[in-house]
Amino acid sequence: MDSHKTIIEAVLFAATSPMRPSEIAEKIGLSESDVRYALKDLKMDYNIRDSALMISEAAGEYRMMLRPDYNKYTDLVARPMMSPGVMRTLVTIAYNQPVLQSKLVSTRGPRAYEDVQKLIEMDLIDAKISGPTKELTTTVKFSEQFGIGSTKKNDIRKWIEEHMKSPSE
């Protein structure tokens with residue numbers, strides 16, 4: 001018979017979006033405490049094995065994902081999610097958030113309007129009206145997708161600084 005941990009691993013693998021322990025419990029008929037225990041155990045298993053995969057948790061939701069350190073290898077064979085320009089716009093927003101769109105456009109140029117729209121559609125940033133412009137911030141999905149493990153501004157900034165170092169450092 002399949003263990004709870006193996007079933008939850010399969011559920012996370014198949015899930016198209018992050019899931020709360022209560023959602024997993026409801027779908028597979030386990031108690032939420034059993035699911036939480038299995039998630040903790042799974043996270044530990046992946047860490048001990050030094051797997052390219054990990055169980056990521058952000059804002060109480062879990063998902064299975066590739067460790068960010070391995071993106072450089074998968075990028076060789078996978079189609080990029082976004083162009084380098086859109087990625088630079090995203091990093092600028094994430095690092096300086098909250099940032100006014102008008103300030104972003106003065107820094108990144110008029111193409112930032114298109115980039116912002118694409119990032120909103122990808123649910124990686126939020127835009128709130130702030131006077132004649134918009135205030136831009138990252139979303140929980142941003143933190144989850146990049147494996148940051150936190151939605152706090154300082155944690156995101158630290159993560160960016162660590163991952164933007166040149167390979168020679």
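Let's start in the loop between α3 (32-49) and β1 (53-58), where you'll find aspartate 50. Keep in mind that this is a predicted model. The backbone at aspartate 50 has phi near 55°, which is a positive value in a residue other than glycine. Is aspartate 50 buried or exposed? With a relative accessible area of 57%, aspartate 50 is exposed, because exposed here means over 50%.

Now follow the chain through β1 to the loop between β1 and β2, the place of alanine 59. Alanine 59 isn't a glycine either, yet its phi is positive, about 55°. The relative accessible area of alanine 59 is 46%, so alanine 59 counts as partly exposed.

Next comes a peptide bond to look at. Going from glutamine 97 to proline 98, the bond is cis, with omega near -5°. Proline 98 itself sits in the loop between α5 (84-96) and β3 (99-100).

Finally, let's turn to empty space. Rolling a probe the size of a water molecule over the atoms shows where such space is left. The second largest pocket has a volume of about 210 Å³. Elements giving two or more residues to the lining of this pocket are α1 (4-14), β2 (61-66) and α8 (140-145). Which residues lie nearest the centre of the second largest pocket? They are Ala15, Thr16, Ser17, Pro18 and Arg63, out of 13 lining residues. By type, the lining of the second largest pocket splits into six nonpolar, five charged and two polar residues.

Technical notes
Residues numbered from 1 in each chain as written. Predicted model: local features only at pLDDT ≥ 70, side-chain atom pairs only at ≥ 80, totals over all residues. Heavy atoms only, no water. 1 Å grid on protein atoms, 1.4 Å probe; cavity = no way out; pocket = protein on both sides within 12 Å on 5 of 7 lines; lining within 4 Å. Points joined across faces, edges and corners; volume = space filled by probe spheres on them. Helix = DSSP H or I, 4+ residues; strand = E, 2+ residues; numbered from the N terminus. Nonpolar A, V, L, I, M, F, W, Y, C, P; charged D, E, K, R; others polar. Buried < 20%, exposed > 50% of the residue type's maximum accessible area, 1.4 Å probe, protein only.
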